[in-house]
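This briefing covers the surroundings of a ligand and the packing of a pair of helices.

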Amino acid sequence: MKIIRFENTSSTNTLARELIDRGVCESTLLVAKSQEGGKGQLGRVFSSPEGGLYFSLLLSPKLKPALLPLVTLVTGVACVQQLESILDKPAFLKWPNDVYVQGKKISGILCESVIRGNAENTYIIIGVGMNINNVVTDFPSELHPIVTTVKEVTNQEIELDAFLEELVTRIIANVRELHINPDVLLDQWQNHDYLFRKEVVYTATNLTIRGVGQGISSDGSYQIVDLEGKQHSIVGGQLRLG
Ligand code: BTN
């Protein structure tokens with residue numbers, strides 16, 4: 001796999017999209033030591049101070065369109081497995097794209113798909129940001145109560161390159177496995193569900209639902225049951241602890 005490294009850059013996801021626009025179709029890994037314009041879900045900024053891991057994996061996996069929303073979820077499974085291989089604490093997944101340890105966000109995932117020509121030529125950009133050898137005070141003050149890092153949890157720094165190699169290997173294996181056995185991966189996701197049976201609030205344009213998390217469905221949507229007992233299948237918007 002081709003690997004392109006940057007010291008400080010805007011956003012590895014944006015750079016991956018530029019590669020696709022220039023006709024690059026081989027699998028490529030773009031890695032940055034820090035980002036100035038890190039992109040998060042729903043157009044948010046993803047704070048990316050030095051010491052973290054920020055990368056975008058450009059793949060062309062020829063997945064059926066119905067499986068594309070699951071790429072974020074199986075990347076999350078790879079992230080919790082990799083984190084649990086070095087932490088003595090469990091890691092959790094908050095649907096659809098956040099990784100939590102000890103009740104705080106440690107990683108975020110932003111997957112984007114780009115179709116060039118027909119659906120066969122769909123590229124996916126798997127963007128992962130993980131707080132590793134940085135500390136909470138490296139982040140803007142409004143994030144201090146809600147983020148954590150591997151160093152905060154373990155009091156130790158780890159070797160970023162070895163960690164990156166293992167994590168990317170896990171992500172690629174999970175995306176391959178999606179073709180064969182998506183249900184196994186969805187079960188693994190469900191075993192790490194941060195919101196399962198917890199009170200949640202769902203917000204989307206002109207809509208707020210209070211309810212209880214019920215887990216994911218095979219299409220990758222999230223199920224909640226509202227206070228009147230009605231089931232809702234969530235596909236966009238924002239879900240948080242209530
Ligand atoms: C989120 O938490 O909302 C998703 C964050 C995704 C951040 C990663 S860092 C590497 C890649 N480049 C970006 O600009 N975003 C993703």
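The points below treat the ligand shell and then the helix pair.

The model is predicted: local features need pLDDT of at least 70, side-chain atom pairs count only at pLDDT 80 or more, and totals for chains, interfaces and linings use all residues. Residues are numbered from 1 along each chain as its sequence is written, and side-chain values use heavy atoms, with hydrogens and water left out.

**Contacts with the ligand**

- A polar side-chain atom of Thr-12 lies 3.1 Å from a ligand nitrogen, within the 3.5 Å limit for a polar contact between N or O atoms.
- The side chain of Gln-35 places an N or O atom 3.1 Å from a nitrogen atom of the ligand.
- At Lys-39, a polar backbone atom is 2.7 Å from an oxygen atom of the ligand.
- The protein buries 98% of the 410 Å² that the ligand exposes when taken alone (Shrake-Rupley method, 1.4 Å probe).

**Ligand shell**

- The elements giving two or more residues to the shell are helix H1 (12–21) and strands S3 (53–59), S6 (104–115) and S7 (122–130) (DSSP runs, with at least four residues for helices and at least two for strands).
- S6 gives the most, with four residues.

**Helix pair**

- Helix H2 (residues 70–84) packs against helix H4 (residues 160–180) at an angle of about 140°, and their axes are 9 Å apart (axes are lines fitted to C-alpha atoms over the stretch in contact; angles run from 0 to 180 degrees between N-to-C directions).

Key:
Polar contact = N/O pair within 3.5 Å; in protein donor to acceptor, adjacent residues only side chain to side chain.
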